[in-house]
Amino acid sequence: MNNVVKKLEHYSKKFPRNALEEAIRKQDEITPILLDSLDKAVANIELLKEEEEGYMLHLYGIYLLAQFREQEAFPKIIDLISLPPEDVEFLLGDTITEGLSSILFSTYDGQFHLLQGVVENPMVDIYVRGAALDTLGKLYSQGKLGKEYFIEYLRELIEAGSNNIDTDLATAIQNVIMD
């Protein structure tokens, strides 16, 4: 497993397909390592920014943990995406808009309040907030949130922002409603 982790730990021009396939085959062995990589990314963001070769284990980790539907990853991912926006951008890049809502959905552990906290926190990156809101929409679509409850929550968000010019969050709300 050390060889697999080594191949996933830092950026390489060659996509580590074999290492990822091995990680998937050895899900039970790699899962604790990937969970730990999320904690490491949150706790050591400044050190990771200084590395010459980009640290990637956390990024491969969130995708693998989502594929594994590992619910223990959910609060760790919430911690990661709740970092200052520039740190989240550094750690996740395009994943914020391209896969984050699916990752959150796949790892969701029933802690609605954690998603709600991200959506409602103006200090969190607006696209992260939108991904969390989109996750709530997916949970509703799958019957994991009641219709009345979800509609009331969206109304509260709209009313809370009615005197605010936060058009990005309003757009995210509109997209969830349309979906």
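**Close-up views of a predicted helical model**

View 1. Ile 81 touches Val 88, Leu 92, Leu 100, Leu 104, Val 118, Val 124 and Val 128, leaving out residues up to four places away in sequence, where contact means heavy atoms within 4.5 Å. The model is predicted, so that local features need pLDDT of at least 70 and side-chain atom pairs count only at pLDDT 80 or more, whereas totals for chains, interfaces and linings use all residues. Residues are numbered from 1 along each chain as its sequence is written, and side-chain values use heavy atoms, with hydrogens and water left out. The largest nonpolar core has 60 residues, and those that touch the most other members are Leu 8, Ile 77, Ile 81, Leu 92, Leu 115, Leu 133 and Leu 136. A nonpolar core is a set of buried Ala, Val, Leu, Ile, Met, Phe, Trp, Tyr and Cys residues joined through side-chain atoms within 4.5 Å, and buried means under 20% relative accessible area, exposed over 50%, and partly exposed in between (1.4 Å probe, protein chains only).

**View 2. Helix 6 and the helices around it.** Because 7 of the 9 residues of helix 6 are buried, this helix is largely enclosed by the rest of the structure; helices here (H or I, at least four residues) are DSSP runs, numbered from the N terminus. The buried residues are Ala 73, Phe 74, Lys 76, Ile 77, Ile 78, Leu 80 and Ile 81. They pack against helix 3, helix 5, helix 7 (85–92), helix 9 (100–107), helix 10 (112–120) and helix 11.

**View 3. The salt bridge between Lys 76 and Asp 39.** Lys 76 and Asp 39 form a salt bridge in which the closest N and O atoms are 2.8 Å apart, the term standing for a side-chain nitrogen of Lys or Arg within 4 Å of a carboxyl oxygen of Asp or Glu. This pair links distant parts of the chain, since Lys 76 lies in helix 6 (residues 73–81) and Asp 39 in helix 3 (residues 27–43), 37 residues apart. Lys 76 is buried, at a relative accessible area of 18%, while Asp 39 is partly exposed, at 34%.

**View 4. Salt bridges within helices.** The structure holds 7 salt bridges, and one of them joins the side chains of Arg 25 and Glu 22 at 2.6 Å, N to O. Because Arg 25 and Glu 22 are 3 residues apart in helix 2 (residues 17–25), about one helical turn separates them. Arg 25 is exposed, with a relative accessible area of 60%, and a network of salt bridges links Glu 22, Arg 25 and Lys 26. Asp 134 likewise forms a salt bridge with Lys 138, with the closest N and O atoms 3.6 Å apart. These two residues are 4 residues apart in helix 11 (residues 126–141) and so are separated by about one helical turn; Lys 138 is partly exposed, with a relative accessible area of 24%.

**View 5. The crossing of helix 1 and helix 5.** Helix 1 (residues 2–9) and helix 5 (residues 57–67) pack at an angle of about 110 degrees, with their axes 8 Å apart; axes are lines fitted to C-alpha atoms, for helices over the stretch in contact, and angles run from 0 to 180 degrees between N-to-C directions. Helix 1 and helix 5 are therefore roughly perpendicular to each other, a term that covers angles of 65 to 115 degrees. At this crossing, Val 5, Leu 8 and Glu 9 in helix 1 meet Leu 57, Tyr 60 and Leu 64 in helix 5. By class, the contact has 5 nonpolar, no polar and 1 charged residues, with Ala, Val, Leu, Ile, Met, Phe, Trp, Tyr, Cys and Pro counted as nonpolar, Asp, Glu, Lys and Arg as charged, and the others, Gly among them, as polar.

**View 6. Arg 69 in a loop.** Arg 69 is placed in the loop between helix 5 and helix 6 and counts as exposed at 51% relative accessibility. Its phi is near 55 degrees, a positive value in a residue other than glycine. Most residues other than glycine have a negative phi.

View 7. Leu 100 is in helix 9 and counts as buried at 0% relative accessibility. Apart from neighbours within four places in sequence, Leu 100 is in contact with Ile 77, Ile 81, Thr 95, Val 128 and Ala 131. Tyr 108 is found in the loop between helix 9 and helix 10 and is buried, with a relative accessible area of 12%. Not counting residues up to four places away in sequence, Tyr 108 touches Gln 71, Phe 74, Leu 115 and Leu 139.

Technical notes: Parallel < 35°, antiparallel > 145°, perpendicular 65-115°, else oblique.
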